[in-house]
Amino acid sequence: MKDLHGKVGVVTGGAGGIGRAIGEAMLAEGMQVVLADVVADQLAATVKELGGKDVMGLATDVTSFESLCALRDAALARFGAVHVVCNNAAVGAGAKGHVWEHHLNDWKWSLDVNVMGVINGMNAFVPMLIAQDEGHVVNTSSGNGAYFPIASSGIYPVTKAAVTTLTECLWGQLRQLGSKVSASCLLPSSPNPGVLATGIWKAGANRPDRFLRGDPDDNKPRDALADYRARAKAAGQEVPIAPLSDVADLCIRAIREDQFWATYPLENQTQKLRARFESMLNRTTPEYLNEVNLMAAGAKERAKS
Ligand SMILES: NC(=O)c1ccc[n+]([C@@H]2O[C@H](COP(=O)([O-])OP(=O)(O)OC[C@H]3O[C@@H](n4cnc5c(N)ncnc54)[C@H](O)[C@@H]3O)[C@@H](O)[C@H]2O)c1
């Protein structure tokens, strides 16, 4: 889709973080934008801040197919069409312990939002995009899961590996159909040093009642970014903040230039991919999983948190 001006984009998880940055970039391209999020007050504040007739917000829960159908219908009613769908909403559950100890509700919540949310988004929007033979779907994955998992982070990379595979299947099936609709897998990153400081670091925030664990920390999100900064500081490192607009730029370029892998060619990620595929090709044990990663707390540390 070379010319984005006048097109309509829908972004889930658009109240803040990367979703909001994508929405802002779409507006700058002259698009009309529908932001959707389960945190209604933050969404309303964001829509107010962005302002103007070209943006609307709708409280949406991506775990519900009906909610995504209502989002599609509201976008059509307001702007008359949808051309770009960014399935971007996700959570970090803040699970405790090892992968065999995580509470099942941490698994269910994460799978419901991060995986079923993308499936619900595809089912609600893709038939319409195919019927109009124009459109682009951007599913937000993560290097943590797409390249290889940060072993101590367990649930999240499982969901992101699923999103990556889903998006590959979507792209493949659209091509087999001869459709002009296309798809991209967004792997948020930045060519600038530092982390993408978003809400996803507030592990366990806004946990719905149906996914409570009966744990005193259920309504106390863990500030994983502060923890990471403390670990990095102890190791003599600073953690700069990278601009979210870098991720939005990736997304816009992927739509405009029909790039499937929406990511920067970063050397550390190339090394990770090479290490994983060499291990598979040479049938060696996955020693790359033992790499020290200050970004994620170890299971023992998280068990205590
Ligand atoms: N920040 C990073 O470093 C990073 C890295 C790689 C991938 N990602 C991915 O980027 C995407 C955006 O995350 P972010 O980093 O901006 O974090 P974020 O927490 O700021 O944004 C995620 C948004 O999803 C919303 N959400 C959660 N559950 C929902 C539901 N059931 N229905 C609708 N919305 C819901 C949240 O309210 C939030 O606004 C996610 O898919 C995340 O996994 C982020």
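Student: Which residue is the bridge partner of valine 85 in S5?

Tutor: As a general idea, strands of a sheet pair through backbone hydrogen bonds, either parallel or antiparallel. In this predicted model, valine 85 has valine 137 of S5 as its bridge partner, and the pairing of S4 with strand S5 (residues 136–140) runs in the parallel sense over 4 bridges.

Student: What is the order of the strands in the open sheet?

Tutor: The sheet has 7 strands in the order S3-S2-S1-S4-S5-S6-S9, and the pairing is parallel. S3 and S9 are the edge strands, each with a single partner strand, so one side of each has no neighbour in the sheet.

Student: Are the residues of S2 buried or exposed?

Tutor: In a regular strand the side chains alternate between the two faces of the sheet. In S2, Gln32, Val34 and Ala36 point one way, while Val33, Leu35 and Asp37 point the other way, and all are buried. Since 6 of the 6 residues of S2 are buried, the strand is largely enclosed by the rest of the structure.

Student: Let us turn to the helices. Which residues of H3 are buried, and which are exposed on the other side?

Tutor: The buried residues of H3 are Leu68, Leu71, Ala75 and Phe79. They cover an arc of only 50° around the axis, which means that they lie on the same side of H3. Glu66, Asp73 and Ala77, on the other side of this helix, are exposed.

Student: What do the buried residues of H3 pack against?

Tutor: They pack against strand S1 (8–12), strand S2 (32–37), strand S3 (55–59) and helix H4 (104–132). As for its length, helix H3 (residues 65–79) has 15 residues and spans 21 Å from its first C-alpha to its last, close to the 21 Å expected at 1.5 Å a residue. After H3 comes glycine 80, with a positive phi near 85°.

Student: Which residues of helix H2 are buried?

Tutor: In helix H2 (residues 40–50), the buried residues include Leu43, Thr46 and Val47. They are on the same side of H2, because they cover an arc of only 100° around the axis. The face turned away from the buried side of H2 carries the exposed residues Asp41, Lys48 and Glu49, whereas the buried residues of H2 pack against H1, S2 and S3. Just after H2, glycine 51 has a positive phi of about 65°.

Student: Where are aspartate 258 and arginine 283 found?

Tutor: Aspartate 258 is in the loop between helix H8 (245–257) and strand S9 (261–262), and it counts as partly exposed because it has 14 C-beta neighbours inside 10 Å. Arginine 283 has its place in the loop between helix H9 (267–282) and helix H10 (299–304); with 6 other C-beta atoms within 10 Å, arginine 283 is exposed.

Student: How far apart are histidine 103 and phenylalanine 211, in sequence and in space?

Tutor: Histidine 103 and phenylalanine 211 are 108 residues apart in sequence, and 9.6 Å separates them in space, C-alpha to C-alpha. Histidine 103 is in the loop between strand S4 (84–87) and H4, and, leaving aside its neighbours within four places in sequence, it is in contact with Ala95 and Arg213. Histidine 103 counts as partly exposed because it has 19 C-beta neighbours inside 10 Å.

Student: Finally, how many residues surround the ligand, and which are the closest?

Tutor: The ligand is surrounded by 27 residues, of which Gly13, Gly17, Ala90, Thr198 and Gly199 are the closest. By kind, the shell around the ligand divides into 12 nonpolar, 13 polar and 2 charged residues. Helix H1 (residues 17–28) contributes the largest share of this shell, 3 residues.

Definitions and conventions
Residues are numbered from 1 along each chain as its sequence is written. This is a predicted model: local features need pLDDT of at least 70, side-chain atom pairs count only at pLDDT 80 or more; totals for chains, interfaces and linings use all residues. A residue is near a molecule or strand if its C-beta atom, placed from the backbone, lies within 6 Å of it. Helices (H or I, at least four residues) and strands (E, at least two) are DSSP runs, numbered from the N terminus. Ala, Val, Leu, Ile, Met, Phe, Trp, Tyr, Cys and Pro count as nonpolar, Asp, Glu, Lys and Arg as charged, and the others, Gly among them, as polar. A residue is buried if 20 or more other C-beta atoms lie within 10 Å of its own, exposed if 12 or fewer, and partly exposed in between; C-beta atoms are placed from the backbone. The expected span of a helix is 1.5 Å times one less than its number of residues. The arc is that of the directions from the helix axis to the C-beta atoms. Two residues are in contact if their C-beta atoms, placed from the backbone, lie within 7 Å. Two strands pair if DSSP finds at least two bridges between them.
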